Amino acid sequence: MAREKGRKLIAQNRRARHDYHIDDTYEAGIVLTGTEVKSLRAGRASLVDGFAQVKDGEVWLENVHIPEYAHGTWTNHAARRPRKLLLHREEISRLIGKTQEPGRTLVPLSLYFSEGRAKVEIALARGKRTYDKRQDIAEREAKRDIERALRRRR
């Protein structure tokens with residue numbers, strides 16, 4: 001059986017880029033059960049309320065919703081169970097130090113298949129204040145207005 005090549009996006013957390021300043025990003029593997037993989041291959045997942053945390057030298061993905069597999073039996077998984085993330089030891093020790101700083105957290109940005117394996121992109125982030133959000137919106141609207149004006153001139 002040949003593995004699929006490339007990257008297939010399953011879910012994306014757009015709200016995270018709006019609510020947080022992204023400092024670093026990491027790609028991590030996920031420990032999943034069989035029915036979770038089947039549900040992900042069907043393109044069903046939600047990262048909206050998800051976060052990651054370091055417990056006992058391991059990184060865990062919490063509150064990510066992967067719905068039960070439709071054709072599953074009694075072996076189906078719990079939809080919001082904690083899932084272990086697979087990272088290198090150096091990355092975990094770096095994350096332990098950085099997440100202990102005040103205002104830092106780990107948020108999932110996207111969930112995808114990379115060469116047939118489920119991966120999650122997590123980010124070390126700082127929460128934005130409301131005035132930061134307003135400033136980002138104002139900059140985005142200004143860029144949009146400039147683009148419109150340039151298109152009209154052509």
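Two residues are in contact here when they have heavy atoms within 4.5 Å of each other. With that in mind, T35 touches Y69, T75, N76 and H77, leaving out residues up to four places away in sequence. One thing to know before going on: this is a predicted model.

- You'll find T35 in helix 2, which covers residues 34-41.
- Is T35 buried or exposed? T35 counts as buried because its relative accessibility is 11%, and the cut-off for buried is under 20%.

**The nonpolar cores**
- The largest nonpolar core has 23 residues, and the ones touching the most other members are V59, L85, L87, L95, L111 and V120.
- Which elements each supply at least two residues of this core? They are strand 1 (7-12), strand 2 (20-30), strand 4 (58-62), helix 3 (89-99), strand 6 (104-114) and strand 7 (117-127).
- Strand 7 gives the largest share of this core, with four residues.
- There's also a second, separate core of five residues, and A16, V107, A123 and A125 are among them.
- Back in the largest core, V59 is one of the residues that touch the most other members. Setting aside neighbours within four places in sequence, V59 is in contact with A52, Q53, V54, R83, K84, L85, L87, I92, L95 and L106.

**Strand 6 and its partners**
- Strand 6 is mostly covered, with eight of its eleven residues buried.
- How many bridges link strand 6 and strand 7? There are ten, and the two strands pair in the antiparallel sense.
- Strand 1 also pairs with strand 6 in the antiparallel sense, over five bridges.
- Y112 is a handy residue to look for in strand 6: Y112 is the bridge partner of L9, and Y112 also stands opposite K119 in strand 7.
- Strand 6 and strand 7 form a hairpin with two residues between the strands, and in this hairpin E115 takes a positive phi near 55°.

**Charges and rings**
- Y112 turns up again here, with the charged end of R7 sitting over its ring, 3.7 Å from the ring centre.
- What sits over the ring of F113? That's the charged end of R41, 4.2 Å from the centre of the ring.

Notes: Residues are numbered from 1 along each chain as its sequence is written. This is a predicted model: local features need pLDDT of at least 70, side-chain atom pairs count only at pLDDT 80 or more; totals for chains, interfaces and linings use all residues. Side-chain values use heavy atoms; hydrogens and water are left out. A charge sits over a ring if NZ of Lys or CZ of Arg is within 6 Å of the ring centre and within 35 degrees of the ring normal. Buried means under 20% relative accessible area, exposed over 50%, partly exposed in between (1.4 Å probe, protein chains only). A nonpolar core is a set of buried Ala, Val, Leu, Ile, Met, Phe, Trp, Tyr and Cys residues joined through side-chain atoms within 4.5 Å. Two strands pair if DSSP finds at least two bridges between them.
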